[in-house]
Amino acid sequence: MPIEIGLITFGELTADPTTGRLPEPRQQLRDLVELAEVADQGGLDVIGVGEHHRSDFVATAPPVVLAAMAEHTARIRLSSAVTVLSSDDPVRVWEQFATLDLLSGGRAEIIAGRGSYTESFPLFGYDLTDYADLFREKLDLLLRIREANPLTWSGGRFRPPLREADIAPRAVQEELPVWVGVGGTPTSAMDTGDRGLPMMLGVLVGAVDQASRNVELYRRAAERAGHDAAGLRVGLSVQGYVGTTSQEARRTMYPYFTAGFRDNNHQRGHGFVLSPERFDTFTGPRGALVVGSAQEVVDKVAAYHEVYGISRLMLHVGFGGMPRAQLLGAVERLANDVAPVLRRELAVPTFTYPGSLASLPTRETERV
């Protein structure tokens, strides 16, 4: 299986660092649909729309945005990135994405996550002290809905039981893909491995190998639970930009990335300033950001592949309000100059780990 290459977008509304002007939300949504069209025409494999519930992000309802994309594309897979399942209703999530699957002819996917931005919890009446328990219970229910209809389910803390519930529509795909989005928490990686679900790693800044421990824990947990650990898929979501040259890529990305890093962070408007020196470190050969010429991007993705054995790359291009010309140019270079090389050179590997499974840490020893 060749590696899959795609895009991720949050639909952030960031003030232009030169003019101070904010994008108009309606136009930003139309631009997201155009982004999907360009990616589809270029032959990219997947596009993901992230969910945030603040006025500096336009994509508060990813299934709606993805449905618009479905009507303007033919083959690209359409995914959430992520669905904040902890503060949503799994029945409603299933209905929305099964509908998207019908509209798109079987191209829908869900990346379910706990949510690193927490505004949705008080907005929808949930207590952050239940953060982890909410996700586990709701993911259990979502997977049960995927398996059977009608469904009888009980035992949850956060919603009433279901008795012979008819949950419709059903998806086109025999098994609508459900990935789990994982940040830096070892327990999350191990829980995902226990379930035998594909894992999407979210990386912002740091080093290429910073999540290697979590990937190993994920595969070991899957093996111990009796899943085919070697066949499980690991994806990577990371910021980046494909330029015409190394210098042009960094020069173009820096002011917009730092604006987004400052304005669209968890504390909204209180992010620290990312110096040019730190940016250069993060874009260097061992840095996390996937930035540079086409060849540099190929080399960086190959480095990630060597460490994690990734089967999917979702590149977040244009973070911080990058102008359309530069954004779409980077997407075209990703599709034309990077993706064919990666598909040719990076097959999805299978993994075996030496050593006894008894050495696998427990959730208590790995909890952070």
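**Close-up views of a predicted model**

**View 1. Helix α5 and its buried residues.** In α5, the buried residues are L134, F135, E137, K138, L139, L141, L142, L143, I145 and R146. Buried means under 20% relative accessible area, exposed over 50%, and partly exposed in between (1.4 Å probe, protein chains only). This is a predicted model: local features need pLDDT of at least 70, side-chain atom pairs count only at pLDDT 80 or more, and totals for chains, interfaces and linings use all residues. Residues are numbered from 1 along each chain as its sequence is written, and side-chain values use heavy atoms, with hydrogens and water left out. Helix α5 covers residues 131-147, 17 residues in all. From first C-alpha to last it reaches 25 Å, close to the 24 Å expected at 1.5 Å a residue. That expected span is 1.5 Å times one less than the number of residues. An α-helix has 3.6 residues a turn, so residues three or four places apart point the same way.

**View 2. The whole protein.** The chain forms twelve helices and twelve strands. Helices (H or I, at least four residues) and strands (E, at least two) are DSSP runs, numbered from the N terminus. The radius of gyration is 20 Å, close to the 21 Å that the globule rule gives for 368 residues, so the protein is as compact as a globular protein of that length. The radius is taken over C-alpha atoms; the rule is 2.2 Å times the number of residues to the power 0.38. Along its principal axes the C-alpha trace spans about 60 × 50 × 40 Å. Of the 368 residues, 55% count as buried.

**View 3. Two nonpolar cores.** A nonpolar core is a set of buried Ala, Val, Leu, Ile, Met, Phe, Trp, Tyr and Cys residues joined through side-chain atoms within 4.5 Å. The largest has 101 residues; L7, L44, M69, V301 and Y304 have the most contacts inside it. Helix α11 (residues 324-345) gives the most to this core, with ten residues. A second, separate core of ten residues includes F57, A81, Y117 and M200. In soluble globular proteins, nonpolar side chains tend to be buried together.

**View 4. M314 in strand β12.** M314 lies in β12, residues 312-317. M314 counts as buried because its relative accessibility is 0%. Leaving aside residues up to four places away in sequence, M314 touches G6, L7, I8, V46, I47, G48, I111, M200, L236, S237 and V238. Contact means heavy atoms within 4.5 Å. S55 is 259 residues from M314 along the chain, and their C-alpha atoms are separated by 24 Å.

**View 5. Q239 in strand β10.** Q239 sits in β10, residues 234-242. With a relative accessible area of 5%, Q239 is buried. Its side chain makes a polar contact of 3.4 Å with the side chain of H316. A polar contact is a pair of N or O atoms within 3.5 Å; within protein, one must be able to donate a hydrogen and the other to accept it, and residues adjacent in sequence count only if both atoms are side-chain atoms. Beyond four places in sequence, Q239 touches residues including V203, M253, F257 and F319.

**View 6. T252 in helix α8.** T252 belongs to α8, residues 246-263. T252 counts as buried, at 12% relative accessibility. The side chains of T252 and E248 are joined by a polar contact of 2.8 Å. Not counting residues up to four places away in sequence, T252 touches Y241, M322 and Q326.
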